[in-house]
Amino acid sequence: MLDYAAAESSFDRCMELAAPGERPRLLVEAGRIAREFYEPELADNYFSRALETDNPAPDVLVEFAMFSERGSPQVARELVDRALSTDPDHLAAKRMRGHLLQKSGEFEAAEEILRPLAARPSPPQIRAQAGYDLGALLDRTGRYDEAMETFVLAKSMMYEEGVRLRDQ
């Protein structure tokens with residue numbers, strides 16, 4: 001059985017020992033881990049604390065947007081907008097914007113964002129996520145053959161990245 005109280009205590013101790021500039025990144029990482037362990041209240045605590053730091057980085061805003069998406073899509077959109085106002089070329093923020101647009105049925109605007117992200121030379125994780133979102137959009141709009149091709153490409157990117165990481 002996992003000891004969440006001990007984990008929280010350890011995370012808090014890490015925050016005390018970390019340099020001030022490292023705290024937002026560590027808070028996001030603690031929030032991500034709490035989310036993976038299905039501890040949404042603890043995750044929310046860490047993400048909220050990361051947002052309270054001076055000028056949170058776009059990565060912090062995008063992570064919290066991903067966490068907030070299901071319960072509060074409007075908050076997720078606001079966080080993505082903040083990230084993009086700080087860094088208009090932030091790929092994860094662009095991908096998240098496309099994802100949110102796709103989920104809300106704004107297919108044309110979503111496709112404008114997702115298609116280039118899925119095709120451009122960018123980190124494999126971003127390309128694959130954009131590909132999965134684009135595939136879902138194509139499926140929802142009845143373009144099934146193109147959706148399947150897009151899903152296969154996204155899956156192959158993730159497979160190749162997994163092999164690359166394994167062989168390092």
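On a 1 Å grid over the protein atoms alone, a cavity is taken as a set of points where a 1.4 Å probe fits but cannot get out, and its lining residues have an atom within 4 Å of a point. Grid points are joined across faces, edges and corners, and a volume is the space filled by probe spheres set on the points. The model examined here is predicted, so local features need pLDDT of at least 70 and side-chain atom pairs count only at pLDDT 80 or more, while totals for chains, interfaces and linings use all residues. Residues are numbered from 1 along each chain as its sequence is written, and side-chain values use heavy atoms, with hydrogens and water left out.

One cavity of 30 Å³ or more is present, and the largest cavity holds about 40 Å³ of space. Its lining is made up of Y4, A7, F11, I33, A34, F37 and L42. Helices, here DSSP runs of H or I with at least four residues, are numbered from the N terminus; α1 (4-17) and α2 (23-36) each supply at least two lining residues, and α1 gives the most, with three. By class, the lining has seven nonpolar residues, no polar and no charged, where Ala, Val, Leu, Ile, Met, Phe, Trp, Tyr, Cys and Pro count as nonpolar, Asp, Glu, Lys and Arg as charged, and the others, Gly among them, as polar.

F11 also takes part in the surroundings of Y46, a residue of helix α3 that touches E8, F11, D12, L27, A30 and G31, not counting residues up to four places away in sequence (contact means heavy atoms within 4.5 Å). Y46 counts as buried because its relative accessibility is 0%, the limit being under 20% relative accessible area with a 1.4 Å probe and protein chains only. The side chains of Y46 and D12 form a polar contact at 3.3 Å, that is, a pair of N or O atoms within 3.5 Å, one able to donate a hydrogen and the other to accept it.

Turning to helix α4 (residues 58-68), nine of its eleven residues are buried, so this helix is largely enclosed by the rest of the structure. Among the buried residues are V60, L61, F64 and F67, and the cover over the buried part of α4 includes α2, α3 (40-51), α5 (73-86) and α6 (91-103).

A pocket, in contrast to a cavity, is an open set with protein on both sides within 12 Å along at least five of seven lines. The largest pocket contains about 460 Å³ of space. Of its 13 lining residues, R35, M66, F67, E69 and R70 are the closest to the centre. Its lining divides into five nonpolar, two polar and six charged residues, and α6 gives the most, with four.

Methods:
Buried < 20%, exposed > 50% of the residue type's maximum accessible area, 1.4 Å probe, protein only.
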